Amino acid sequence: MTASSQVSTIESAPGAPADTGGCRFCGTTLHHSVVDLGMSPLCESYVSRDSLNQMEPFYPLHVYVCDQCYLVQLQEYVSREHIFSDYAYFSSYSDSWLEHARRYTEQMIARWDLTSRSSVVEVASNDGYLLQYFVAKDIPAFGIEPAANVAKVAQQKGVPTLVRFFGRNTAHELAAQGRLADLLLGNNVLAQVNDLNDFVAGLRILLAPRGVITIEFPHLMRLVEENQFDTIYHEHFSYFSLYSTERIFAAHGLAVFDVEELPTHGGSLRIYARHSEDVSKPESGRLLDLRSREADAGIATLTYYTSFAKNVEETKRKLLDFLIRAKREGKVVVGYGAPGKGNTLLNYCGIRTDFLDYTVDRSPHKQGKFLPGTHIPIYHPDRIRETRPDYILILPWNLKDEIIQQLAYAREWGAQFVVPIPEAHVYR
Ligand SMILES: [Zn+2]
């Protein structure tokens, strides 16, 4: 044992806070807990049948807020290479997400006059779910995606894709080849970046002088106010408000000039940013409006975050109340979907096959596997028709309307739909 580990053993007496490291953006020591969801496995580590009898790594899932920049964050408990190099998430398995991507491309082409001489670059382009719509309109586009298995699917669709993590190095390399972006986008990637400063600095390097960045991420204000604690998982290192995002971008010479509030993922922001020197794009009314709403809510004060943990505990009790009652009445409850958020919810609440017989998912990459930690089996959606359960717990509650529509046939035998967040609710 080294001298330094002896010291840390003494300091880590029971009751002393864990060594949380510094803030991912500003380096300040983190002192303020937002919520502690206990120990949880990596939510995308689906378990195959032949691994069911083996040990499974669990990591702390404890969220902090920085008292200097108000970035809400998790430590990087697991390296990004481990999490993202063979990712099971294929964006194209959700109809509503594809439609969202298609509408976005039309909007951007019209608003920024994109043509066959423009250049569109997407960071974390997944399976080409979005860029395929630019390619179809003959607008030059390419993606940057770290997961080789996912990038391969994009290439098969005709979307050029570089298999790489994004940051300063990748951006410099592309800039040196003259491949600057007129439109540079990233959807649901910012939360998954551990070296935030390297990533945002890379955005600036790759952006053409008059280019536009759009970034979408779940809005912290929706997470806190609607109790969406299940969107917290190890793969999501940071949880952003407009406030914290503007600070981070400004530190790298980028200015946010517009923002849209979107219904996706339980409530997301799409921010528009430009080079700080590019004065051709003034701040929009909706930017000023959201800035003042966040300020009024107290997003840059510690008190804003204090009641969240209590609300999370109450949501757990309400869901367990429902499940215990249903099981005592002899009802059959199954899940729908195997999203990352479902795994946080089920592990935190301690829900295994004692409550949920199984879940189903449309992705063939998940069927036949088991949920991490809880080992609930994942089947093809046809299983629901075959077994006629009494209740269907919708784990991707952000898609509940789409799913209830898809499963309308289950009402034939009187099945009811249950959504766990913001609190357990049965749709009759
Ligand atoms: Zn900070």
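Helix α7 is mostly covered: nine of its eleven residues are buried. Buried means under 20% relative accessible area, exposed means over 50%, and partly exposed lies in between (1.4 Å probe, protein chains only). The buried residues of α7 are Leu 196, Asn 197, Asp 198, Phe 199, Val 200, Ala 201, Gly 202, Leu 203 and Leu 206. Helices (H or I, at least four residues) and strands (E, at least two) are DSSP runs, numbered from the N terminus.

This is a predicted model, in which local features need pLDDT of at least 70, side-chain atom pairs count only at pLDDT 80 or more, and totals for chains, interfaces and linings use all residues. Residues are numbered from 1 along each chain as its sequence is written, and side-chain values use heavy atoms, with hydrogens and water left out.

**A helix pair**

Which way does α7 run relative to α6? The axes of α6 (residues 168-176) and α7 (residues 196-206) cross at roughly 10° and come within 7 Å. Axes are lines fitted to C-alpha atoms, for helices over the stretch in contact, and angles run from 0 to 180 degrees between N-to-C directions. On the α6 side, the contact uses Arg 168, Ala 171, His 172, Leu 174 and Ala 175. On the α7 side, Asn 197, Asp 198, Ala 201, Gly 202, Ile 205 and Leu 206 take part. Contact means heavy atoms within 4.5 Å.

**The nonpolar cores**

Leu 203 of α7 is buried. Leu 203 is also one of three residues, with Ile 232 and Ile 384, that touch the most other members of the largest nonpolar core, which has 103 residues. Such a core is a set of buried Ala, Val, Leu, Ile, Met, Phe, Trp, Tyr and Cys residues joined through side-chain atoms within 4.5 Å. Another core, of 21 residues, lies apart from it; Leu 98, Val 159, Val 212 and Phe 257 are among its members. Leaving aside neighbours within four places in sequence, Leu 203 is in contact with Val 123, Phe 166, Leu 184, Ile 213, Ile 215, Phe 249 and Leu 254.

**The zinc site**

Cys 23, Cys 26, Cys 66 and Cys 69 coordinate the zinc ion through their SG atoms, at 2.3 Å. Their spacing in sequence is C-x2-C-x39-C-x2-C. Cys 26 sits in the loop between α1 (3-11) and β1 (32-40), and Cys 69 in the loop between β2 (59-65) and β3 (72-73), 43 residues apart. Donors are N, O and S atoms within 2.8 Å of the metal (3.2 Å for Na, K and Ca); water is not among the atoms, so sites may look incomplete. The site is tetrahedral, with angles of 102 to 121° among its four donor atoms.

**Exposure and backbone**

| Residue | Relative accessibility | Class |
|---|---|---|
| Cys 26 | 35% | partly exposed |
| Cys 69 | 2% | buried |
| Arg 117 | 74% | exposed |
| Asn 126 | 8% | buried |

Arg 117 is in the loop between α3 (95-112) and β4 (120-123). Most residues other than glycine have a negative phi, and most peptide bonds are trans. Asn 126 has a positive phi of about 50°, and Ala 124 one of about 60°. A cis peptide bond joins Ile 421 and Pro 422, with omega about 5°.

Technical notes
Tetrahedral: all angles 85-135°; square planar, octahedral: opposite > 155°, others 65-115°.
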